[in-house]
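Please open the model in your viewer and keep the selection tool at hand.

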Amino acid sequence: MVPITMIPRSEVQEVERPGWILLFGRRKTGKTFMLKHMIKHDNYFFVTRGGLILELDEQIPYPVFEERIKNLLLRDVTIVIDEFQRLPERFLDLLHYHSPESRAKLILVGSSFSVARRLMERRSPLLGIVRPVRIGLIRPADVVKGLSKLDIPAELILRIAPYISDPWIMRFVDPRSFSRSEVIDAIRFNVPALIGEVFSEEERTLTDRYELVIRALSLGNSSPGEIASYISGFFEKELRSQDVKSYLANLLRMGIASRIQLMGRKRYLYSIESPLIDLFYYLDTKLGYYEVDVPMEELENLASVREGTYFERFVVELIASLYRARVQRSLEPEIDGILVKKGRIVASVEVKMGQISREEISSFVEKGPKEGERIVVAREGPAVEGVTLLTPPDILSILKESSK
């Protein structure tokens, strides 16, 4: 097994900046691991569900913890309080009161987006005192940098990187001997438990409609209208796209869904953010494999259908990070990625896992935007004037140079 410490997190730089920090995001995105192993700290407190506070091997009742925090805030130390939202409400007032004279750096950690929202509300004692930092999937450049340390081909790195971006899978797979079957086995029972935990942390119920919205997304329904049409087939009353938008908004806040803007429009395409969560719901919706034993060969064949989508999204996001640009999409004509910076198109991207032909490149050039660079990512392909062809080794080389 490869230790997860090999995967850097660029969010570390954001957390280490001066000031008090609120670190938040859905469960299993590596917040606790990052803080324990990548950020220097002097005191690390973890609050249990029962309200007991743990520091190393010590169990601390709240009154003792409160006095300890008062003293620590006056010192030049870094304090981490994990799952702080489980503490009594008066704890936030205590922090507010002692913040002016504090010399300590404080990092509060919460496993839900609702926690962050409450702390940023007008009446919150910590409004203007803590700076929020969201922790989601590991950023594409960080994943590739970490995997590049291993002796595996560049093509394999880019293929498995989308899965590794959800770091909990590292407990179950080794990138050096990566197989779809390991991933399929790992997500079968872990993803349902994770989704249930996320909804519980957000104080919401995983209703049939939420479940169907997630399943609709896994099947490639990306607009509110398409999702509404899919869900309406399961209920007597037809659902409108406007109804679906409220479900999608909540899934976005929970870190389950993500969205990408359509080029030149105020409309978005939605998808499941994590390939692991997406793959579970795709396989279960198609084959019911959560409750029914399905031959692994059949599951792997079906999983390979989605793998191209994960590869495409990941590579486009990776290239966008190199350009420091945002990603937009075009459906008519269909273009994998359009990179926009300061309102201007800087590049359009076409991605293929395998080879690409001259005819396919010509079609991409003809239908794509006339502004910006034209980038084609493929295992191999012909040289075409005005088009930058990037192979997986090329991408890794560019990323390495950009890190110097």
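Select R117, which is found in helix α5 (residues 113-119); helices here are DSSP runs of H or I with at least four residues, numbered from the N terminus. This is a predicted model, in which local features need pLDDT of at least 70 and side-chain atom pairs count only at pLDDT 80 or more, while totals for chains, interfaces and linings use all residues. Residues are numbered from 1 along each chain as its sequence is written, and side-chain values use heavy atoms, leaving out hydrogens and water.

R117 is partly exposed, because its relative accessible area is 42%; buried means under 20%, exposed over 50%, and partly exposed in between (1.4 Å probe, protein chains only).

**Second stop: V12**

Next, select V12 in helix α1 (residues 11-16). Is V12 buried or exposed? V12 is buried, with a relative accessible area of 10%. Beyond its neighbours within four places in sequence, V12 is in contact with M34, M38 and I39 (contact means heavy atoms within 4.5 Å). Select L35 as well: its C-alpha atom is separated by 8.3 Å from that of V12, although the two residues are 23 residues apart along the chain.

Finally, select helix α6 (residues 140-147), where 7 of the 8 residues are buried. Among them are P140, V143 and L147. The cover over these buried residues includes α1, α7 (154-164), α13 (296-323) and α15 (392-402).

Methods: Helices (H or I, at least four residues) and strands (E, at least two) are DSSP runs, numbered from the N terminus.
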